[in-house]
Amino acid sequence: MGDKKPILEVKHLKKYFPVDAKHTLKAVDDVSFTIYEGETLGIVGESGCGKTTCGRTCIGVYEATSGEVLYKGKDINKMTAVERKEFTKKVQMIFQDPYSSLDPRMKVHDIIAEGMQIHKLVSSKAEEIKAVQSLLEQVGLNPEHASRYVHEFSGGQRQRIGIARALAVNPEFLMCDEPISALDVSVQAQVVNLLVKLQKERGLTCMFIAHDLSMVKHISDRVGVMYLGNLVELADSDVLYQHPLHPYTKALLSAIPVPDPDIERQRNQIRLEGEVPSPMNPPAGCHFCNRCSYAMEECSCQTPVMREVEPGHFVACHLYDEMK
Ligand code: SF4
C-alpha cells in the first residue's frame, strides 16, 4: 500500500465461543491483516465463516479470545476511558438489518441526533436540526423525513438513515456488516454507490463484510476471503478477481453468474463438494481439505500459513509453499 498509514492492525486474532463443557465454536481462528487509511477492505465468505464475528471483534463489540487489534497503533483492549470514548466516536458500524437496528419508537431526527448529543457535537437545538437535515440530504433523503418514524420508510431508505446516524459523529472508520444483504437486489447497488460516494467525499476507511462477491468487488480496494474462521487469501480487488490463487476463492468466483447466457453455458464452473464443516469441529490441517480437489497428503495434517506470494497478494495454501 505504498506510503499509506495503517489504521487498523489485526494480529493473530481469535474469537472462540464456549458452547458447552466439551465444545468451543472457533468463529475466528488466528486471523491477521491490516487496513490502511482511506481504503475499503472487503471481507467475503459463506455464512458461518466468521466474517461478522471478525468485524465485530475488530471494533471491540466482542472481546477477543486472544490476539491484538491496534487502532492507530493503540490496542483497543488497553485504551483509557477517554481513548475508548473517542474510539467509539471515530469507529461506527452500519448494520445488516435496517429493520431491527433502528428504534421504531424514535423519530428519524432523534435517531440521527443521538450520537451528536452523546459526544456533545452540537451546541444548540437549531444547530442540531440543521446538522440532521444536512445528513439526510447527504444520504439522498428529504430533510422533511426527520419528523417521521422508521416504519414509514422502505428497506433502502432505512439503511440510508442508518448511514446518516453513523456519519453524524464524523467517524474515520466504518464497519459495514453486510449492509446490503437484507435489501432488494434493485436497491443494493444504490446503497453501495452511496457508500462509495460518501467514503470518497469524507476520506473514510471502511471494512465491508459481505457474502456477495460481485458487490464487494465494486466497493473494495482490497478483498480478503474467509473460510471457517481463517483468512485464506487477501489481495488487491482486481488481482483477486482476475488471478485468484486459493482453490476456495477460485470456487467462489466461478459461482458468480455471468449475465451473457453464451458465456455462462461455456464457462468452467468449479463445484464445491460436500458441506462446510462445523466450526466446532473443523478438519485438521487446512480447514478446506475435505472440499478441495487439489488436496495433498500434508493438507490434512499441516495448517497452511498466510504467505505473500506476490507483492500484496497473500494466500494460505500448501500449493504455494515454495513461492516466497
Ligand atoms: Fe487445498 Fe491443500 Fe491448499 Fe488447503 S492447503 S486449499 S487442501 S491444496
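Predicted model: local features only at pLDDT ≥ 70, side-chain atom pairs only at ≥ 80, totals over all residues.
Let's begin with the aromatic rings. The count comes to six aromatic pairs. One of them joins Phe 17 and Tyr 62, with 5.6 Å from centre to centre and 90° between the planes, an edge-to-face arrangement. This pair ties together distant parts of the chain, 45 residues apart: Phe 17 sits in strand 1 (residues 6-18), while Tyr 62 is in the loop between helix 1 (51-58) and strand 4 (66-71). Phe 17 counts as partly exposed because its relative accessibility is 28%, and Tyr 62, at 27%, is also partly exposed.

Next come Tyr 71 and Phe 87, whose ring centres are 5.2 Å apart with the planes at 70°, so this pair is edge-to-face. Here too distant parts of the chain are linked, with Tyr 71 in strand 4 and Phe 87 in helix 2 (residues 81-90), 16 residues apart. Both Tyr 71 and Phe 87 are buried. Ring pairs also bring in Phe 173, giving a cluster of Tyr 71, Phe 87 and Phe 173.

Leaving out residues up to four places away in sequence, Arg 158 touches Pro 98, Tyr 99, Leu 102, Val 150, His 151 and Phe 153.

Arg 160 is in helix 5 as well. Arg 160 is buried without a salt bridge, and its nearest side chain of opposite charge, Glu 201, is 11 Å away. Beyond its neighbours within four places in sequence, Arg 160 has contacts that include Val 139, Leu 141 and Gln 190.

On to the backbone. Most residues other than glycine have a negative phi. Asp 30, in strand 2 (residues 24-36), has a positive phi near 70°. With a relative accessible area of 38%, Asp 30 is partly exposed. Leu 228 has a positive phi too, near 50°, and lies in the loop between strand 9 (222-227) and strand 10 (230-236). Leu 228 counts as buried because its relative accessibility is 4%.

Last stop, the surface. Which residues make a nonpolar patch of about 250 Å²? Tyr 294, Met 296 and Leu 319 do. Leu 319 lies in the segment after strand 12 (313-315) and, at 37% relative accessibility, is partly exposed.

Note on methods. Residues numbered from 1 in each chain as written. Heavy atoms only, no water. Patch = residues over 30% accessible without salt bridge, like charges linked within 9 Å, V, L, I, M, F, W, Y side chains within 5 Å. Areas by Shrake-Rupley, 256 points an atom, 1.4 Å probe, with all protein chains shown as cover. Salt bridge = Lys/Arg side-chain N within 4 Å of Asp/Glu carboxyl O. Helix = DSSP H or I, 4+ residues; strand = E, 2+ residues; numbered from the N terminus. Buried < 20%, exposed > 50% of the residue type's maximum accessible area, 1.4 Å probe, protein only. Contact = heavy atoms within 4.5 Å. Lys, Arg positive; Asp, Glu negative; His and termini not counted. Phe/Tyr/Trp six-rings, centres within 6.5 Å; stacked < 30°, edge-to-face > 60°.
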